[in-house]
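The entries below follow the order in which I looked.

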Amino acid sequence: MYAYFDNSATTAPCPEAVEAMHRALTVCWGNPSSLHGIGNAAQALLEDSRAAVANAIGCEPTELLFTSGGTEGNNLAVLGAAYQLRRMGRRIVSTEIEHASVEEALQQLEAEGFEVIRLHPDRSGHISERALYNAVDRQTVLVTMMLVNNEIGSILPVAAAKRAVLSARAPALIHCDAVQAFGKLPVRPARLGVDLMTVSAHKIHGPKGVGALYLRKGARIHPRSFGGEQERKLRPGTEPMPAIAGFAAAARALPEPNTALTQVTALRDYFCDRLSAIDGAVVNSPADGLPYIVNFSIPGVKSEPMLNYLSANGICVSGGSACSKGKKSRVLTRLELPQALIDSAVRVSFSRSTTLQEIDLLLQGIAAAKAAIRSR
Amino acid sequence: MKEVLLIKNGELALKGMNRRTFEEMLIKNMRRRLESLGGFTFTTAQSTIMAEPLRADCDLEEAAERLKKVFGIAGFSRAAAVEKKMSVILRAAEEYLAPELLAARTFKVEAKRSDKQFPLRSPEICAEVGGYLLRKYPHLTVDVHNPDLTVTVEVRDAYAFIHGKQIKGAGGMPTASAGRAALLISGGIDSPVAGYMLAKRGLELVAVHFASPPYTSERAEQKVCSLLKQVAKYSGRIALYIVPFTEIQEQIKDHCPEEIFTVIMRRMMMRIAQTLAVRERCGALITGESVGQVASQTLPALACTDAVCSIPVFRPLIGMDKDEVVAISRRIETFEISILPYEDCCTVFTPRHPRTRPTLDYVARCEQALEIDALAQRALENVRFMQIRAY
């Protein structure tokens with residue numbers, strides 16, 4: 001038995017996704033590019049899947065490319081947009097708390113002569129709209145900002161980017177990393193005013209190894225890989241149909257965002273309420289953040305023993321983001337939290353199937369861990 | 001054509017009456033290391049060991065990779081083993097060494113004839129093979145001083161062997177020929193290197209790791225296993241003892257002054273490691289300490305640690321800089337594993353201001369707050385054992 005509170009790292013695949021993947025591996029296993037019956041069936045499954053994911057995002061199927069996941073989507077969007085517009089200007093506007101797959105792509109562009117402005121967050125991970133307006137100028141070719149931060153759950157002012165770009169008369173494309181937001185908040189790209197948006201399947205109870213990049217009709221980016229006509233030549237290579245079919249099934253199984261949001265908000269409030277009864281506990285996540293993610297610290301009780309203790313009791317949580325395996329969190333450092341809070345930061349992330357009983361178990365575990373672990 | 005491995009043992013050739021014992025140990029080590037590739041027969045003659053695969057489809061590429069890491073070998077070659085007839089030898093040299101001969105511009109031939117019944121003498125073999133190869137590979141010229149390729153023909157008891165370049169071996173002494181020692185391993189960069197260095201001098205390794213859940217994780221233990229698996233490619237299999245250390249660390253934390261925490265912890269580790277070492281018939285302890293690297297590795301601190309040991313403590317890295325240690329760890333491919341960021345027992349409860357010049361007197365006084373024997377006893381009762389194999 002275990003209680004899983006690491007849904008921002010990955011989620012358990014839903015039965016619909018597993019079933020669809022099984023079918024794509026056993027019945028409909030063709031290559032969508034083949035011009036025969038089995039290939040045609042795979043092609044039909046591919047387009048059907050595209051429609052399902054597009055529907056969940058709120059865009060046209062023709063605006064969606066399948067990728068291998070969030071990292072590839074972010075890389076393709078950031079590098080592809082910058083190269084596409086490199087003659088129009090050199091400035092890129094982003095934030096200090098992006099995921100590594102955006103941040104390290106930006107570092108690559110900096111090395112190639114782009115100027116990257118990274119907006120500084122406040123202590124709860126908010127980015128000011130005013131700073132965004134000030135940063136975007138006539139030479140800006142890309143604005144890239146995540147919708148929800150993966151470590152503390154703050155919601156960033158993505159919708160303001162469009163207005164900033166328009167008022168500065170910048171040629172910029174706007175990219176949004178919506179990996180943590182997709183399936184939890186409405187992400188309709190036209191409404192947010194973005195040209196590019198990254199989503200990933202395994203954060204919405206789909207399989208790992210697949211994601212999608214939204215590319216607004218009419219927007220163009222440079223490819224990053226070469227060798228085939230698939231996905232409008234932007235993501236060549238035979239489509240991983242089992243993963244794509246699983247992604248589509250998981251997208252179809254998504255509940256209406258607002259229903260789940262209300263339910264998870266209640267869970268979050270219950271959790272934070274009781275957590276505050278534990279001596280010294282501090283919630284690092286903002287109150288107006290995405291309720292699926294709660295980052296907290298108990299100063300003196302370091303993250304790693306806390307994780308290990310909970311893990312030994314069948315409770316899965318994470319310190320910072322799972323991608324960095326226990327390294328000091330870059331995001332929390334940027335938020336300028338006191339060192340004692342950073343050292344003891346723990347992230348719990350809920351899913352739509354998290355129960356109150358599980359949260360009680362988690363709270364008991366945290367209290368027991370605090371009693372068992374000697375601070376230093 | 002039959003292909004074999006010809007192994008030249010290094011320092012062993014210098015040993016006297018007990019040379020045979022050393023050779024047998026080396027053969028035993030090689031046999032174990034190559035076992036999973038399908039088995040070999042080993043025969044010895046004049047400081048050369050021939051390893052002949054039992055199966056025709058044996059992966060000699062992999063066998064050569066493994067032999068490169070076996071201590072006690074100065075160098076070895078992959079060789080064609082053929083019938084002792086000049087016509088066969090010529091053809092074999094032409095075919096077996098074709099890739100090397102095509103790539104070379106200059107070459108020479110060396111011959112050794114230990115079978116004195118063979119009709120041609122060494123210089124005659126050289127001349128004949130050389131002449132033949134020149135006719136078959138007209139782009140080649142002979143250069144006896146600085147050739148691109150040396151073709152060696154060895155006429156021995158059962159076969160004539162033909163081989164090109166010799167591959168450098170790992171050197172050192174056969175593992176276990178110098179006895180056994182217990183390595184204290186935390187998961188950092190230093191201890192695997194220390195183990196490797198003494199395995200090279202012929203010590204068989206037993207490893208002792210201290211685990212402090214929940215302060216240290218399962219991943220930290222897996223990391224130690226991965227490190228030892230890599231070291232075992234050189235040292236042969238390693239017996240690993242995992243000692244539960246949480247209670248001891250918490251007791252030290254609760255009852256002793258913070259500034260002296262690490263030294264007292266090191267002393268507890270040494271006491272426990274020594275008990276295990278004696279039980280495992282080890283003659284020494286091995287640590288990765290280096291003078292002055294951290295507070296517990298100053299001269300006074302090392303003296304306090306040593307005071308609880310009655311068997312020798314080997315510290316092969318004692319005079320080395322970190323970069324020198326890192327260079328070795330990269331070479332033996334433990335570095336990338338060592339830098340995984342999991343907390344290990346040595347970093348739990350690190351004091352903010354450790355004392356760099358502890359006196360034995362002071363340390364012993366601080367330790368009186370602990371039930372040393374009972375604590376060590378409980379830890380030893382709950383030790384877990386694992387056998388680590390490289391392949």
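Entry 1, conventions. I take axes as lines fitted to C-alpha atoms, for helices over the stretch in contact, with angles running from 0 to 180 degrees between N-to-C directions. Helices (H or I, at least four residues) and strands (E, at least two) are DSSP runs numbered from the N terminus. The model is predicted, and local features need pLDDT of at least 70, side-chain atom pairs count only at pLDDT 80 or more, while totals for chains, interfaces and linings use all residues. Residues are numbered from 1 along each chain as its sequence is written, and chains are lettered from A and ligands numbered from 1 in the order in which they are written.

From H6(B), Asp190(B), Pro192(B) and Val193(B) make the contact, and from H11(B), Val325(B), Ile328(B) and Ser329(B). I count two residues as in contact if their C-beta atoms, placed from the backbone, lie within 7 Å. By class, this contact has four nonpolar, one polar and one charged residues. For the classes, Ala, Val, Leu, Ile, Met, Phe, Trp, Tyr, Cys and Pro are nonpolar, Asp, Glu, Lys and Arg are charged, and the others, Gly among them, are polar.

Strand E11 (residues 203–211) of chain B is mostly covered, with nine of its nine residues buried. Buried is 20 or more other C-beta atoms within 10 Å of the residue's own, exposed is 12 or fewer, and partly exposed is in between, with C-beta atoms placed from the backbone. In a regular strand the side chains alternate between the two faces of the sheet. In E11(B), Leu203(B), Leu205(B), Ala207(B), His209(B) and Ala211(B) point one way, and Glu204(B), Val206(B), Val208(B) and Phe210(B) the other way. Strand E10 (residues 179–184) of chain B pairs with E11(B) in the parallel sense over six bridges; two strands pair if DSSP finds at least two bridges between them. I noted that Ala182(B) has Val206(B) as its bridge partner in E11(B).

The domain assignment gives domain 1 (2–170) and domain 2 (179–388); domain bounds come from an automatic or database assignment. The centres of the two domains are separated by 43 Å, taken over C-alpha atoms. Six residues of domain 1 of chain B touch six residues of domain 2 of chain B. On the domain 1 side, helix H1 (residues 19–34) of chain B gives the most, with three residues. By class, that side has two nonpolar, one polar and three charged residues.

I find 10 residues of chain B in contact with 11 residues of chain A. The chain B side has six nonpolar, one polar and three charged residues.

Chain A is divided into domain 1 (3–11 + 256–372) and domain 2 (60–226). Their centres are separated by 26 Å, taken over C-alpha atoms. The contact takes 24 residues from domain 1 of chain A and 26 residues from domain 2 of chain A. Helix H9 (257–275), strand E10 (293–297) and helix H11 (330–334) of chain A each supply at least two residues of the domain 1 side. H11(A) gives the most to that side, with three residues.

Entry 7, the sheet in chain A. Seven strands form an open sheet of mixed pairing, in the order E2-E8-E7-E6-E5-E3-E4 (chain A). Strand E2 (64–67) and strand E4 (115–119) of chain A stand at the edges with a single partner strand each, so one side of each has no neighbour in the sheet. Neighbouring strands are turned by 20° against each other on average, direction ignored. Helix H6 (residues 159–168) of chain A lies across E5 and E6 of chain A, at about 165° to E5(A).

Where is Leu142(A)? Leu142(A) is in strand E5 (residues 140–146) of chain A. Leu142(A) counts as buried because 32 C-beta neighbours lie inside 10 Å. Leaving aside neighbours within four places in sequence, its contacts include Val78(A), Ile92(A) and His175(A). I also checked His175(A), and its bridge partner in E7(A) is Leu196(A).
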